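Please look through the sequence and the three-dimensional view that follow.

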Amino acid sequence: MRFGLHTGYWSAGPPPGMADAVAWADTHGIDSIWTAEAYGSDALTPLAWWGATTSRVRLATGIAQMSARTPTATAMAALTLDHLSEGRFVLGLGASGPQVVEGWYGQPYARPLARTREYVAIVRDVLRREAPVTAPGPAYPLPLPDGVPGGTGQGKPLRATVHPRRADLPLHLAAQGPRNTALAAEIADGWLPAFLSPALDGEARALLAEGFAARGEDRRPDGEHDPAFEVCATVPVAVADSVADAVDLLRPHLALYAGGMGSQQTNFHREAMARLGYGEALTEVAAHYAAGDRGRAAAAVPEELVREVCLVGTPSDVAAQVARWETTCVTTLVLQTDPRALPALEPLLAAG
């Protein structure tokens, strides 16, 4: 199993120690570095900045929000970073949620699966560079059709001037719901789950097989699995003197995602964790979070849930817990942790 490092969301500024952690990862067997964006820092700039001092590690967005950029703008960034990194870029995309898409980007969130299909198809057309890019829409019509208010009718199909380094640059999709997960297997080269548990491996494999079966004949794998398809699961990690101490360190993290990373009506992270049987507890967490009591929200996160979706405890505890993942569909565990914890995990990472 491979390991990645997730640099996480920025708070008020760049995460302390992350530049050193990226450099450490490049020389200590880490497979990939992942960045995030919500409504603060973006996912592409840190990869260009930190990645410029690396030579081996893959550079991946986890995730770049589709509503933040048009498909062609995203494709331009991807082919640019892939050239600059000499073929180490991985494009991780996601639809985000209605709170950010409508509140930050001012765009409608409706029909996210259909929009994702359109978006990915355009990105792939740009990277293949086989012909000027056209798309029928309705979400991303290219060129802009005549008669659209504000349009001039002068748009024409264009082809990227830059020749992509890799026409098959890997494109991964973030997904937590069942339909999105199957879609990732159908149209992407990898799946980016969050708050996954080895206990859900059977369900995950069935959804991926459903997506593989829906592929066109030219991409359909033999059997139920595609050996080239990646599953890069982000897993929070806390290293402490005991499992209980580490669980307490991560309770606020899960409370944030269950209560603050989505609206009261739509929170895909909470729904993903609820599939493990903790729906009632998560409802309590969300209620405390909405009331502004983050301490009670964190305290309401069950220890069992933390242990299901995180890696916690001493380095030897973490190594033992990683063993649960080795027979799952996950190909890369993307560790989201305090950068200062990485040296303590070096034996585990070296073994991976």
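**A guided reading of the model**

P138 is situated in the loop between helix 5 and strand 6; helices (H or I, at least four residues) and strands (E, at least two) are DSSP runs, numbered from the N terminus. The structure is a predicted model, in which local features need pLDDT of at least 70 and side-chain atom pairs count only at pLDDT 80 or more, while totals for chains, interfaces and linings use all residues. Residues are numbered from 1 along each chain as its sequence is written, and side-chain values use heavy atoms, with hydrogens and water left out.

The peptide bond that leads from G137 into P138 is cis, with omega near 15°. A cis peptide bond also joins L142 and P143, where omega is about -10°. P143, too, is found in the loop between helix 5 and strand 6.

Which residues of helix 6 are buried? They are T181, A182, L183, A184, A185, E186 and I187, where buried means under 20% relative accessible area, exposed means over 50%, and partly exposed lies in between (1.4 Å probe, protein chains only). Because seven of the ten residues of helix 6 (residues 178-187) are buried, this helix is largely enclosed by the rest of the structure. The cover over its buried residues includes helix 5 (112-128), strand 6 (171-174), strand 7 (190-192) and helix 7 (201-213).

Two packed helices are described by the angle between their axes and the distance between the axes. Axes here are lines fitted to C-alpha atoms, for helices over the stretch in contact, and angles run from 0 to 180 degrees between N-to-C directions.

Helix 5 and helix 6 pack at an angle of about 20°, and their axes are 11 Å apart. The two are therefore roughly parallel to each other; angles under 35 degrees count as roughly parallel, over 145 as roughly antiparallel, 65 to 115 as roughly perpendicular and the rest as oblique. Their crossing is right-handed, a term used if the near helix is turned clockwise from the far one by less than a right angle, whereas anticlockwise is left-handed. On the side of helix 5, the contact (heavy atoms within 4.5 Å) is made by L113, T116, R117, V120 and R124, and on the side of helix 6 by R179, N180, L183, E186 and I187. By class, this contact of helix 5 with helix 6 has four nonpolar, two polar and four charged residues. In this classification, Ala, Val, Leu, Ile, Met, Phe, Trp, Tyr, Cys and Pro count as nonpolar, Asp, Glu, Lys and Arg as charged, and the others, Gly among them, as polar.

The axes of helix 6 and helix 7 come within 7 Å and cross at roughly 50°. That makes helix 6 oblique to helix 7. The crossing of helix 6 and helix 7 is right-handed. Here P178, T181, A182, A185 and E186 of helix 6 meet L207, L208, E210, G211 and F212 of helix 7. The contact of helix 6 with helix 7 has six nonpolar, two polar and two charged residues.

Attention now turns to charged side chains. Side chains of opposite charge can pair when their charged atoms come close. How many salt bridges does a search of the whole structure find? It finds 17 salt bridges, each being a side-chain nitrogen of Lys or Arg within 4 Å of a carboxyl oxygen of Asp or Glu.

One of them pairs D31 with R2, whose closest N and O atoms are 3.9 Å apart. This pair links distant parts of the chain, 29 residues apart: D31 is in the loop between helix 1 (18-27) and strand 2 (32-35), and R2 is in strand 1 (residues 2-6). D31 is buried, at 13% relative accessibility, whereas R2 is partly exposed, at 34%.

Another salt bridge joins R251 and D248, with 2.4 Å from N to O. Both residues lie in helix 8 (residues 243-259), three residues apart, about one turn of the helix. R251 is buried, with a relative accessible area of 16%, while D248 is partly exposed, at 44%.

E86 has a positive phi of about 60° although it is not a glycine, and E86 lies in the loop between helix 3 (71-84) and strand 5 (89-94). F195, likewise a residue other than glycine, has a positive phi near 55° and lies in the loop between strand 7 and helix 7. E86 is exposed, at 61% relative accessibility, whereas F195 is buried, at 5%.
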